[in-house]
Amino acid sequence: MIRTALRWLLALFYGAAGVIHLIRPEPFLAIMPTWVPAPEAVVLLTGVAEVLGAVGLVQPFSPRLRRAAGWGLALYALCVWPANINHFIIDMARADSGLGLGYHVPRMFAQPLIIALAVWVSRDPAALRQSGSAEKSG
């Protein structure tokens, strides 16, 4: 039950973030590392990836698709981590410290948890129970 609730919460988070990427890309462009090519296209594609990943995470038809969506969102979170680090650096260089350490330090620690959560919530508990009982009986 907790896995399902967290899966829906993560899907809502990613879905909302994806829509924001699509309708208001400016804040994401502002934190994009300079070495990323075609930043506008990258922000657009990340928004699409977030929305599709969110849908895949909560669709009821295919546990396999849900698992793929979880892994996709985990890899996505890993790939955008440099933008989060860049945002931290940009803010710390500002006279007012931007969002400050109170935002950025927890955000840095949250990223690995978000990655792990995406993988964990996408797992099918029924399949886990079956594989566990198959291992015990084998």
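User: Does R94 count as buried, partly exposed or exposed, and at what relative accessibility?

Analyst: The model discussed here is predicted. A residue is buried under 20% relative accessible area and exposed over 50%, with partly exposed in between. The relative accessibility of R94 is 42%, so R94 counts as partly exposed.

User: Which side chain meets that of R94 in a salt bridge at 3.9 Å, N to O?

Analyst: In general, side chains of opposite charge can pair when their charged atoms come close. A salt bridge requires a nitrogen to oxygen distance within 4 Å. At 3.9 Å, the partner of R94 is D91.

User: Is D91 buried or exposed?

Analyst: The cut-off for a buried residue is under 20% relative accessible area. D91 has a relative accessibility of 4%, and therefore D91 counts as buried.

User: Which residues do salt bridges with shared partners join into one network?

Analyst: The structure holds two salt bridges. One of them pairs R94 with D91. In the other, R94 pairs with D96, with the closest N and O atoms 2.9 Å apart. Through shared partners, the network consists of D91, R94 and D96.

User: How far apart are the mean positions of the positive and negative charges of the chain?

Analyst: The chain carries 11 positive and 7 negative charges.

User: In what order do the elements of the chain run from the N terminus on?

Analyst: The chain has six helices and zero strands. Its C-alpha trace spans about 65 × 30 × 25 Å along the principal axes. Read from the N terminus, the order of elements is α-α-α-α-α-α.

User: What percentage of the contacts with a separation of 6 or more lies between residues 24 or more positions apart?

Analyst: A contact here means heavy atoms within 4.5 Å. Among contacts in the chain with a separation of 6 or more, the share from residues 24 or more positions apart is 65%.

User: With which residues is L10 in contact, leaving aside its neighbours within four places in sequence?

Analyst: L10 is one of the core residues that touch the most other members. Once the neighbours within four places are set aside, the contacts of L10 are L57, L117, A118 and V121.

User: What is the phi of A38?

Analyst: Most residues other than glycine have a negative phi. A38 lies in the loop between α2 (26–30) and α3, and at 46% relative accessibility it is partly exposed. Its phi is positive, near 45 degrees.

User: Where is S97, a residue with a positive phi of about 60 degrees, found?

Analyst: S97 is not a glycine, yet its phi is positive, at about 60 degrees. With a relative accessibility of 26%, S97 counts as partly exposed. Its place is in the loop between α4 and α5.

Terms used: Residues numbered from 1 in each chain as written. Predicted model: local features only at pLDDT ≥ 70, side-chain atom pairs only at ≥ 80, totals over all residues. Heavy atoms only, no water. Helix = DSSP H or I, 4+ residues; strand = E, 2+ residues; numbered from the N terminus. Lys, Arg positive; Asp, Glu negative; His and termini not counted. Charge placed at Lys NZ, Arg CZ, Asp CG, Glu CD. Buried < 20%, exposed > 50% of the residue type's maximum accessible area, 1.4 Å probe, protein only. Core = buried A, V, L, I, M, F, W, Y, C linked by side-chain atoms within 4.5 Å.
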